[in-house]
Amino acid sequence: MVPFLLVSEQEAKGSGYGELEKLLKSFFEEDVVLIPLQEKEWLILGPGALVHDEADGRADDEEESVEEQLAGICYGLHDMLASEWIGECHVAVGLPIRPNESAVETTSVLRETIMLGRKFHMGENIHLPWMIHLERLLGSIPEAQRIRYMEQMLS
């Protein structure tokens, strides 16, 4: 399944869980698993069929990587949620997983992705774990050490 993490900035316009589940089913055109995690935070497990293998019969110049496919789906999902349900929100997507084997680890990575994306890419609402390697490294350095470094570099 394809994991998405949705974090909203405000209360939902609709009636909550049921409304979100209905919107997600219409967006993915298949059943999805919707797991409320914390207040204003949901793990969405979309169908694995969203991602097409490179052997789907496309021409070489038309091939999209799995990451590009997932990014496109994530942008579409965010647009739909922002306009029809929740307003301002942040969405992260991960590579396809087997939920019973790695759902907890994947959720942790997606939470970190959104946290780092909000910190280093203000104004963006789509956060992709494969695009924040440097941000992950910078985020692991203690704040006091970063401030000390900046003071030394600027003086």
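Reader: Hi! Where does Thr113 lie?
Author: Hello! In this predicted model, Thr113 lies in helix H3, which covers residues 99-120.

Reader: Is Thr113 buried or exposed?
Author: Thr113 counts as buried because its relative accessibility is 0%, and buried means under 20%.

Reader: And which residues does Thr113 touch?
Author: Leaving aside residues up to four places away in sequence, Thr113 touches Ala92, His127, Leu128, Pro129, Ile132 and Arg136.

Reader: In what sense do S1 and S3 pair?
Author: They pair in the antiparallel sense, over six bridges. Leu6 stands opposite Trp42 in S3.

Reader: New topic! How many residues are in the largest nonpolar core?
Author: There are 28, and Phe4, Leu6, Phe28 and Leu81 have the most contacts inside this core. Strands S1, S3 and S4 and helices H1 and H2 each supply at least two of its residues. H2 gives the most, with seven.

Reader: What does Leu81 touch?
Author: Not counting residues up to four places away in sequence, Leu81 touches Leu6, Leu20, Ile86, Gly87 and Cys89. Another core, of five residues, lies apart from the largest one and includes Leu5, Val7, Ala92 and Ile114.

Note on methods:
Residues are numbered from 1 along each chain as its sequence is written. This is a predicted model: local features need pLDDT of at least 70, side-chain atom pairs count only at pLDDT 80 or more; totals for chains, interfaces and linings use all residues. Side-chain values use heavy atoms; hydrogens and water are left out. A nonpolar core is a set of buried Ala, Val, Leu, Ile, Met, Phe, Trp, Tyr and Cys residues joined through side-chain atoms within 4.5 Å. Buried means under 20% relative accessible area, exposed over 50%, partly exposed in between (1.4 Å probe, protein chains only). Helices (H or I, at least four residues) and strands (E, at least two) are DSSP runs, numbered from the N terminus. Contact means heavy atoms within 4.5 Å. Two strands pair if DSSP finds at least two bridges between them.
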